[in-house]
Amino acid sequence: MEVGLTALFISAFISATLLPGGSEALLAWMVHQGEYSLMSLVLSATAGNVLGSLVTFGMGSLLRVKFPLKTLEKPQHQRAQRLIERYGPLALIMAWLPIIGDPLCFVAGWLGVRFSLSVMTIALGKLLRYLVVAGLFL
């Protein structure tokens, strides 16, 4: 992977964890520059962002092992819990959203949502988001 695509992957990874990031802006700039294929850019950003969300999902899974009966206290975690309890892994298609996305992945892990379905829905939502962002800057 070239340096530019690696930087995009890392930016997308950081953006999907509990840390702030700006992968959409970097993707938009890189699409506008035209140095890389659209597909390479979208796949690099999507892969990094999905991996970051899976780290957050894993953190929730680890917490479930240590605190299986602990009540979620943060309002965004409670919202995420309600969404996941209502829609199951399909709620994770919204993992790309600011503010609610990270808690959705965390709570899904904490609730023990099926991993394979979680990966698919997280990836689909993030892929669609990056396709839209890239398409806007062609």
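## Surface and overall form

The protein chain has an accessible surface of about 7600 Å², and carbon and sulfur atoms account for 70% of this area. The model is a predicted one. Of the 138 residues in the protein chain, 42% are buried.

The C-alpha trace of the protein chain spans about 50 × 25 × 25 Å along its principal axes. The radius of gyration is 15 Å, which agrees with the value near 14 Å that a compact globule of 138 residues would have.

## Secondary structure and contacts

The protein chain contains six helices and zero strands. Read along the sequence, the pattern is α-α-α-α-α-α.

Among the contacts in the protein chain with a separation of 6 or more, 75% involve residues 24 or more positions apart.

The protein chain carries 10 positive and 6 negative charges. The mean position of the positive charges and that of the negative charges are 14 Å apart.

## The aromatic pair

One aromatic pair is present in the structure. This pair is edge-to-face, because the ring centres of Phe57 and Phe115 are 5.6 Å apart and their planes stand at 65°, with the cut-off for this class being over 60 degrees. Phe57 belongs to helix α3 (residues 38–66) and Phe115 to helix α6, so the pair ties together parts that are 58 residues apart in sequence.

The two partners can also be described by their accessibility. Phe57 is buried, with a relative accessible area of 4%, whereas Phe115 is partly exposed, with a relative accessible area of 46%.

## Arg129 in helix α6

Helix α6 (residues 115–136) also holds Arg129. The relative accessible area of Arg129 is 9%, and this residue therefore counts as buried, the limit being under 20%.

When residues up to four places away in sequence are not counted, Arg129 touches Glu24, Asn49 and Trp96.

## Gly88 in the loop between α4 and α5

Gly88 is located in the loop that runs between α4 (75–87) and α5 (101–111). Although placed in a loop, Gly88 is buried, with a relative accessible area of 17%.

Conventions: Residues numbered from 1 in each chain as written. Predicted model: local features only at pLDDT ≥ 70, side-chain atom pairs only at ≥ 80, totals over all residues. Heavy atoms only, no water. Helix = DSSP H or I, 4+ residues; strand = E, 2+ residues; numbered from the N terminus. Rg over C-alpha atoms; globule rule 2.2 N^0.38 Å. Buried < 20%, exposed > 50% of the residue type's maximum accessible area, 1.4 Å probe, protein only. Contact = heavy atoms within 4.5 Å. Areas by Shrake-Rupley, 256 points an atom, 1.4 Å probe, with all protein chains shown as cover. Lys, Arg positive; Asp, Glu negative; His and termini not counted. Charge placed at Lys NZ, Arg CZ, Asp CG, Glu CD. Phe/Tyr/Trp six-rings, centres within 6.5 Å; stacked < 30°, edge-to-face > 60°.
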